[in-house]
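User: Hello! I am new to this structure and would like to learn how to read it. Could you take me through it step by step?

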Amino acid sequence: MIEFKNVSYSYNDSIGDNAAAVKDINLKINKGEFIGVAGHTGSGKTTVAQILAGLIKPCGGTILVDGIEYSDYKAAARVLRSKVGIVFQYPEHQLFEETVYRDIAFGPKNKGLSEEETDKCVRRSAALAHLKEELFEKSPFELSGGQKRRVAIAGVLATEPEVLILDEPAAGLDPSGRERLWGELHKIRKEQNTTIILISHSMEDLAQNAERIIVLNNGEKYKDDTVSNIFSDAALLKKCGLEIPEITKVIKLLNDGGMNIPENIFDITKLSDVICQRLGATL
Ligand SMILES: Nc1ncnc2c1ncn2[C@@H]1O[C@H](COP(=O)(O)OP(=O)(O)O)[C@@H](O)[C@H]1O
Ligand SMILES: [Mg+2]
């Protein structure tokens, strides 16, 4: 539904700039996919996300939305902004209203929904983001980091995006907070057929959740493949300064010892089941 053809972006506004943040990127985002975007710090992840969300204008290339090529960037940006919602890396930058409720209501109100429709939308989005209604009248700035992130997610969901981009959403969350967040994303995707784009420098997070991973390196698209293909190529990851997931390292060690476990397992429960099977034991 969104396609980039040779898209580039430079913060210095010069085409062909060697130091461009995003260089000649081709990619396709299809409806309902769960895509991971990986890359070390400074590789261009946030810049790509902002181009996708129609927030910054590429200095080169073409963007297609639903097969339509827009020569006028303003028209493209309008369509992208109506379809793509982005939860920024620092959710506190995204919150600005006096109360949590008003913050979430901002998008639907702006779209011209009635008070009643807005209210429904706020409650539905808050529930999807696991945000308790008792927080509605609090100031977003009184909340914990995890709660702020939920408000930011609920606020973006309230605009009913077809594509939801989350830029490093797990930063600062503890393991149980992370697990809850992943559960919510999968639920949103299932219930609304929302395309999810998860940006993370953590390979564990991407391995666990995404179906396809786009690896960025130094502003270029380095690889775009299924999770198993990406993680079976340790040399590629090393070149990009990325780690293979811990679970894959464990499987490799077990296989060196003769266990013969498929390397495309990224779920700890599934791995323990397979180990038990191999050992002929039950947990
Ligand atoms: N506002 C900005 N002004 C100038 N350069 C920037 C700005 N934001 C990012 N960059 C540069 O663009 C490149 C890509 O950054 P970014 O997209 O933020 O990468 P990532 O999200 O992968 O860390 C980096 O070299 C970074 O220093
Ligand atoms: Mg970033």
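Predicted model: local features only at pLDDT ≥ 70, side-chain atom pairs only at ≥ 80, totals over all residues.

User: How many helices and strands does the chain have?

Analyst: Helices (H or I, at least four residues) and strands (E, at least two) are DSSP runs, numbered from the N terminus. Here there are eleven helices and ten strands. The chain is as compact as a globular protein of its length, because its radius of gyration is 20 Å, close to the 19 Å that the globule rule gives for 283 residues. That radius is taken over C-alpha atoms, and the rule is 2.2 Å times the number of residues to the power 0.38. Along the principal axes, the C-alpha atoms fill a box of roughly 65 × 50 × 30 Å.

User: What percentage of the residues count as buried?

Analyst: A residue is buried if 20 or more other C-beta atoms lie within 10 Å of its own, exposed if 12 or fewer, and partly exposed in between, with C-beta atoms placed from the backbone. By that test, 39% of the 283 residues are buried. Strand E3 (residues 34–38) has four of its five residues buried, so the rest of the structure largely encloses it.

User: Which strands pair with E3?

Analyst: Two strands pair if DSSP finds at least two bridges between them. E3 runs parallel to strand E8 (residues 195–199), with four bridges, and Gly-36 has Leu-198 of E8 as its bridge partner. E3 also pairs in the parallel sense with strand E9 (residues 212–217), again over four bridges; there Ala-38 stands opposite Val-215.

User: What is there to see in the phi angles of Asp-24 and Glu-168?

Analyst: Most residues other than glycine have a negative phi. Asp-24, in strand E2 (residues 22–29), has a positive phi near 50 degrees. Asp-24 counts as partly exposed because it has 16 C-beta neighbours inside 10 Å. Glu-168 also has a positive phi, near 50 degrees, and is found in the loop between strand E7 (163–167) and helix H6 (175–192). With 19 other C-beta atoms within 10 Å, Glu-168 is partly exposed.

User: Which residues are around ligand 1?

Analyst: A residue is near a molecule if its C-beta atom, placed from the backbone, lies within 6 Å of it. Around ligand 1 these include Tyr-11, Ala-21, Gly-39, Lys-45 and Thr-47. Ala, Val, Leu, Ile, Met, Phe, Trp, Tyr, Cys and Pro count as nonpolar, Asp, Glu, Lys and Arg as charged, and the others, Gly among them, as polar. The shell has two nonpolar, seven polar and one charged residues.

Note on methods: Residues numbered from 1 in each chain as written. Chains lettered and ligands numbered in written order.
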